[in-house]
Amino acid sequence: MMRIKTPKKGRIKREFEKRAPKLVETGKKTLILHGTKTSSVLNSVLTEIYHLKKDDSVKYSRKNDNIRPFESGGETSLEFFSLKTDCSLFVFGSHSKKRPNNLVIGRTYDHHIYDLIEVGVENFRSMGSFSYDKKLAPQIGSKPFFAFIGEAFESVDELKHLKEILLDLFRGEVVTNLNLAGLDRVYLCTALSPNRIFFSHCALRLKKSGTVVPRMELVEVGPSMDMVVRRHRNPDDSLRKEAMKTAPELKKKKEKNVVKDAIQGKIGKIYIPDQKVGSVPLANKAKGVKRERREAKMKGEGQKPTQKKQKQDAE
Amino acid sequence: MAESQYEVDLGNLMAFDPHHQFVSPPSSREEVVKEAIEQGTKLVQAIADALFSLPSTEDLDGPIVKLPAPTTKLPRAKPLPKPRPPTKWELFAEKKGIQKRKKEKLVFDEQTGTWKRRHGYDRVNDDNDIPIIEAKSTDEPGTDPFAERRKEKKSKVEKQEKNRLQNLKQAAKAGALPSHVQLAATALPITGSQAMPKKVSKDELQNVAGMAAISTASGGKFDKKLPGEKPPKHEKKYRKFLPAVEGSGMGALEKQQTEKVLNQLISKNSHEILNVEKAVNMYNVKREKKQRKQGGQLSTSSKLKANKKSFKKSSKKGSSNKGKSK
């Protein structure tokens, strides 16, 4: 016999409900972890990414010697950690002679690796090395601006991929209501060459401009670094199609025959079917015909004898 | 216009300048940063222009705008939840056109003349509150009406639990089990649609340990047993030897076996198992061949018949042939 098991405590039940798949997803959580060896640069990169995303990320501080995201079999424990912490984004740091200061950023779908991109970190400047007015320091969890500069983000496949991943990593939750007073940070990504970008985090200073729109001024607050793309793996086409699905209820049905005009407002088109004035006979209710004859005709129409089919001679 | 050359995704507060190129290769790091920030400011200004032109409502903390949906599509983290299949009752209610309706939580209790909860502790028509049940003529002597009521109630609860399990099983089949419910045969998914890796049971562990133990040169025969370790299970068949001495029962087994073999050998040459039908057929075929060689006509009447072929069939054939030929 099967048994129904439900959590005894409400807290656990709520936790399960939080983790269940939803029609409209809330923000993705990020898992930050590292391999056997990390350099001091990479340590601070990981810590600062954690600081940037402190509200929705988990940082592991132990060595992981069996995680190699690009190799088959090396993703098992990563996928398990993703399952355990309910994170669907991960940043994995490793340092080796072949690939110094290596950062693997990836996403998971249903706790299986969805896509991966590997970047090398160069010219890293930490938050501490910037001096700025501390009043400008961005708040934790504020909605960031993104600025991507350079045509390589469109033409080069790797950078296009990196752009999407960086956007997914830092954008936070999708919101509908935004407080304009809370805008205080910008992520700035500039393509320097087909495989190198300059990534920087800036604070925003809103200045009076005399109009409704304030004048924006960027103040670099760090971290800033160069990312050199090394390896990358795109998602499977079938998996991609599956992951891009949106809730069917949310799709807006296309409104037919309604146009919105700037001057006239809402305009509707009405179609009237062809009236076939020439071909359709008029109802036979002419008053000129005698009543009996008219009734007889109506009756006759109701029970018209069907024509018998003639037998066909086979010969 | 500056706006037109940038791609702005207002839902993500993202702007993208696909046209920018460094005029000359930047010589120093400072130049790169300066140029990037300069370009970034333009882009952010472009987003801000679009953002501040949205209709806003004034709040205590600041102006609040409604953002449009993001245009850059990003993948989901988990698959879409599947719809729960209708329960048996829901199917029945739909068929009969039964509508759902809300019931009040408080109900007037006529026994006590107060308002009481419909369910739970201190509810209306509680079985525990009834001090006396009037005897009926149909009552059997020796039965406790209170115990009977309790039993009835218990069976109702059990039935409901059974129905619930059935419906949950159906939901599990469709992959739409509620996230906090687990059917004991399956492990509880922590998150998403994946189940937690199963814990290895004691029996399974013992089996594995047993397998490891017999993978030595002696097949585990001379290995030291650990305290509490059971001898490995014998998986193969045991060899059996026939008794050396003749007798009845098991003793006659050898005789039976040899007889069986002998019978088979003899029967190959025996005439008792002559297949008459096959023999006749062979005879017929041979004869036909002979006749063909001689060039003689084939007469059906001279054919020997192996089994009773119905005359009807042959006559039919004849008639149909007739019709066709004419």
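Visitor: Why is Arg123(B) called partly exposed?
Guide: Its relative accessible area is 23%. Buried means under 20%, exposed over 50%, and partly exposed in between (1.4 Å probe, protein chains only), so Arg123(B) with 23% falls in the middle class.

Visitor: What kind of model is this, and how are its parts numbered?
Guide: It is a predicted model, in which local features need pLDDT of at least 70 and side-chain atom pairs count only at pLDDT 80 or more, while totals for chains, interfaces and linings use all residues. Residues are numbered from 1 along each chain as its sequence is written, chains are lettered from A and ligands numbered from 1 in the order in which they are written, and side-chain values use heavy atoms, with hydrogens and water left out.

Visitor: What makes the pair Asp126(B) and Arg123(B) a salt bridge?
Guide: The term requires a side-chain nitrogen of Lys or Arg within 4 Å of a carboxyl oxygen of Asp or Glu. The N to O distance here is 3.8 Å, so the pair qualifies. Asp126(B) counts as buried, at 11% relative accessibility.

Visitor: What is the N to O distance between Lys28(A) and Asp168(A), and what does the pair tie together?
Guide: The distance is 2.8 Å, and the two side chains meet in a salt bridge. Lys28(A) lies in the loop between H1 and S2 of chain A and Asp168(A) in helix H5 (residues 157-170) of that chain, so parts 140 residues apart in sequence are tied together. Both residues are buried. They belong to a salt-bridge network that also includes Arg107(A), Asp115(A) and Glu164(A).

Visitor: Why are Glu15(A) and Lys18(A) said to be separated by about one helical turn?
Guide: Because they are three residues apart in helix H1 (residues 10-19) of chain A. A helix here is a DSSP run of H or I with at least four residues, a strand a run of E with at least two, both numbered from the N terminus. The two side chains form a salt bridge at 3.4 Å, N to O. Glu15(A) is partly exposed at 34%, whereas Lys18(A) is exposed at 54%.

Visitor: How do you know that strand S7 of chain A and strand S2 of chain B pair?
Guide: Two strands pair if DSSP finds at least two bridges between them. S7(A) (residues 145-149) and S2(B) (residues 14-17) have four bridges, in the parallel sense, so they meet the criterion. Ala147(A) has Ala15(B) as its bridge partner.

Visitor: Which strands stand at the edges of the eleven-strand open sheet, and why?
Guide: The sheet runs S3(A)-S2(A)-S4(A)-S5(A)-S6(A)-S11(A)-S10(A)-S9(A)-S7(A)-S2(B)-S1(B), with mixed pairing. S3 (57-63) of chain A and S1 (7-9) of chain B each have a single partner strand, so one side of each is left without a neighbour in the sheet.

Visitor: What kind of peptide bond joins Gly222(A) and Pro223(A)?
Guide: It is a cis bond, with omega of about 0 degrees. Most peptide bonds are trans. Pro223(A) is in strand S11 (residues 215-233) of chain A.
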